[in-house]
Amino acid sequence: MYRFDESDPANRSPQGALPQGQPLRLTLCYRRGFCRKAILMWKPDEGEAREQPMTWKETIGGDDVFSAQLLTPSTGLYWYWFRIETAEGTFVVDNEGPRDESLMPYQLTVYDAALKTPDWVKGGVMYHIFVDRFARGGAQARPMLPGTVLRSDWGATPTFLPDEKGIVHNNDFFGGNLEGVLSKLPYLQKQGITCLYLSPIFEAASNHKYDTGDYMRVDPGFGNESALRKLCEEAIARGMRVVLDGVFSHVGADSIYFNKYGNYQSLGAYQSKASPYYPWFTFRDWPESYASWWDIPLLPEIDKNEPTYREYIAGKGGVVEHWLDCGISGWRLDVVDELPDAFLDSLCSTIRRKRPDALIVGEVWEDASNKIAYGARRRYFLGGQLDSVMNYPLKDAIISYIRNQSAAIMADTMAILIQNYPKPVLDSLMNILGTHDTLRILTALGNESLPETKAEIASFRLSDEQRVYGKRMLRIASALQFMLPGFPCVYYGDEAGMEGGADPFNRVCYPWGAEDEELVDWYKRLAEIRRARPVFREGAYKLVIAREGVFAFKRGEGADTVLIAVNVGEEKFTFPMESFELDLIRNKPADACAVAGQSVAIYAKGRQGV
């Protein structure tokens with residue numbers, strides 16, 4: 001009866017989010033003679049619905065074609081749908097098809113035309129390092145906070161059982177440090193890594209460091225400020241950048257700011273209302289009852305609207321400026337949805353003023369273009385805030401596609417990302433398969449379920465058969481991670497075949513000398529292909545096919561086009577389309593344009609290899 005496909009340029013042009021001032025052409029087809037009048041309905045995110053008559057253009061086949069041009073007045077989210085007047089009554093057409101009332105309108109993102117993301121990100125590869133578990137380097141003797149356990153059994157299972165009070169302290173350290181990261185730069189360079197994302201490195205009681213003790217000091221267990229400067233300098237010399245993890249929504253109870261246990265010489269908010277840090281926290285009944293992150297007493301929550309805290313973090317000479325001066329190239333912002341817009345505006349403004357090409361990535365687990373947090377619509381990508389977010393929707397889609405052998409999952413997820421995210425953001429999305437918060441991707445792909453208890457998970461390993469299957473699926477998953485629009489981020493050790501359940505079993509030490517060399521070489525090859533082909537920087541994405549287990553897409557246009565095809569099914573699939581002369585994976589002339597079962601194929605036009 002009707003046809004409107006927002007992913008079709010014939011119906012919505014141009015595709016994707018729009019810079020302010022760019023008109024949008026919408027075309028709706030309805031069964032010939034059935035529609036008496038077509039009206040475009042649209043509204044700002046916080047505003048009244050408006051109507052705009054659509055113009056009948058022509059009749060094609062059995063359809064009347066109606067068209068309208070929408071010019072949005074300002075940046076923001078807009079929603080649109082269609083109202084159709086017929087002899088049988090009035091209907092609306094939206095994401096759910098024709099019906100009596102609109103509940104699921106289409107989204108239009110309109111962003112500042114000046115929005116630009118760092119060029120150095122595009123075409124590169126990020127590597128996420130959990131510092132304590134990556135590599136040791138230099139002398140290991142160092143001052144430690146009370147209660148710290150320094151372990152010598154590199155590669156053993158991290159402590160995971162709670163104490164007699166039910167608290168997991170995360171206080172066992174394996175000795176990974178900044179000198180260790182520095183010593184592995186040659187390996188990372190060989191793997192094609194262009195950006196190192198370090199888990200928090202500031203002084204803190206835990207091994208994960210998300211309980212900040214002192215924002216202005218590198219944890220002594222990891223090194224010192226000189227070690228960070230040296231790492232940044234050597235990374236730049238090798239074509240790499242360093243990005244730090246900024247945890248600004250909460251601090252540790254064991255910190256100079258709160259000082260609950262008296263381990264610091266400062267006057268903390270827990271100790272006195274006269275503390276300069278007292279206004280940073282929300283006490284219900286001082287000092288024992290206070291707001292904390294997810295009600296975890298070890299993590300007192302910060303009032304981000306407190307001016308003195310904002311000045312401390314984002315002011316002149318504050319935390320973000322200090323570490324940018326040390327040579328870092330950007331920030332990953334932990335739980336960014338918990339940072340109010342006013343605080344985030346100030347933070348991002350300071351970063352951009354200090355270093356215009358710095359990368360700002362936010363931790364968001366959902367579609368960040370329409371995220372609502374604490375009752376407010378977030379405006380991360382409209383201009384002035386984030387460059388990128390962690391692409392959890394893509395991660396979830398890849399795993400679901402492989403488990404369910406349904407390529408429609410991939411096609412639908414990519415259609416949403418393409419439409420909702422500004423192109424500069426899309427090209428900079430942090431494409432992940434696993435993080436310090438999720439189970440290892442090889443484990444996730446090799447086995448759908450884990451044991452129930454932590455003790456059982458601690459000893460769980462894939463069977464030989466599961467591991468062989470998981471590795472095949474990981475080749476497919478990583479190819480999607482590297483070749484789809486965005487900036488792939490490899491969680492340390494995924495390329496080495498590490499297994500593990502969720503925290504802390506995904507944070508085991510890197511297996512130096514026992515890597516899965518097949519996977520190491522595979523990840524290296526994917527990075528080589530990305531680096532050699534400009535289409536992986538900002539090239540267009542176009543779906544080719546999504547049929548059962550086969551998902552294929554193109555990057556780029558014309559002579560520079562690259563075809564990427566993945567197949568989680570068991571049968572070979574041949575493409576009835578124009579020829580691609582070069583097999584990029586094997587770096588030799590292509591025999592045919594096809595993808596084998598449970599496999600990956602990457603083809604390019606021309607005969608120039610990588």
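Modeller: Let's start with the second largest pocket, whose lining splits into 15 nonpolar, 8 polar and 7 charged residues. Nonpolar here takes in Ala, Val, Leu, Ile, Met, Phe, Trp, Tyr, Cys and Pro, charged is Asp, Glu, Lys and Arg, and polar is the others, Gly among them. Keep in mind that this is a predicted model, where local features need pLDDT of at least 70 and side-chain atom pairs pLDDT 80 or more, while totals for chains, interfaces and linings use all residues. Residues are numbered from 1 along each chain as its sequence is written, and side-chain values use heavy atoms, with hydrogens and water left out.

This pocket has a volume of about 760 Å³. A pocket is an open set of points on a 1 Å grid over the protein atoms alone, where a 1.4 Å probe fits and protein lies on both sides within 12 Å along at least five of seven lines; a lining residue has an atom within 4 Å of a point. The volume is the space filled by probe spheres set on those points, which are joined across faces, edges and corners. There are 30 lining residues, and Q15, I418, A540, Y541 and K542 sit nearest the centre. At least two lining residues each come from β3 (18-19), α8 (407-420), α9 (423-426), β29 (541-547) and β30 (550-555). Of the elements, α8 gives the largest share, 5 residues. (Helices are DSSP runs of H or I, at least four residues, and strands are runs of E, at least two, numbered from the N terminus.)

For scale, the largest pocket holds about 1,200 Å³ of space. It is lined by 42 residues, with N170, H208, I296, L298 and L299 closest to its centre. Its lining has 18 nonpolar, 10 polar and 14 charged residues.

Most residues other than glycine have a negative phi, and most peptide bonds are trans. The bond from S13 to P14 is cis, with omega near 0°, and P14 lies in the loop between β2 (12-13) and β3. Another cis bond joins D503 and P504, with omega about 5°; P504 is in the loop between β28 (487-491) and α13 (517-532). Y374 isn't a glycine, yet its phi is positive, about 55°. You'll find Y374 in the loop between β24 (372-373) and β25 (376-377), where it is exposed at 66% relative accessible area. (Exposed means over 50%, buried under 20%, and partly exposed in between, with a 1.4 Å probe and protein chains only.) N587, also not a glycine, has a positive phi of about 55°. N587 is in the loop between β33 (582-583) and β34 (588-589) and counts as partly exposed at 35%.

On to the sheet. An open sheet of 8 strands runs in the order β26-β23-β22-β19-β16-β13-β28-β27, with parallel pairing. Its edges are β26 (388-389) and β27 (430-432), each pairing on one side only. Strands count as paired when DSSP finds at least two bridges between them. β13 (126-129) and β16 (195-198) pair through 4 parallel bridges, with Y127 partnered by L196. On its other pairing, β16 runs parallel to β19 over 4 bridges, and here L196 is partnered by V242. In a regular strand the side chains alternate between the two faces of the sheet. Both faces of β16 are covered: C195 and Y197 are buried on one side, L196 and L198 on the other.

Beyond its neighbours within four places, L244 contacts (heavy atoms within 4.5 Å) L198, I201, F202, L228, W323, I328, G330, W331 and R332.

L196 also turns up in the largest nonpolar core, which has 134 residues; L196, F248, W331, L347 and F551 touch the most other members. Such a core is a set of buried Ala, Val, Leu, Ile, Met, Phe, Trp, Tyr and Cys residues joined through side-chain atoms within 4.5 Å. Helix α12 (464-483) gives the most to this core, 8 residues. A second, separate core of 23 residues includes Y30, F66, I84 and V93.
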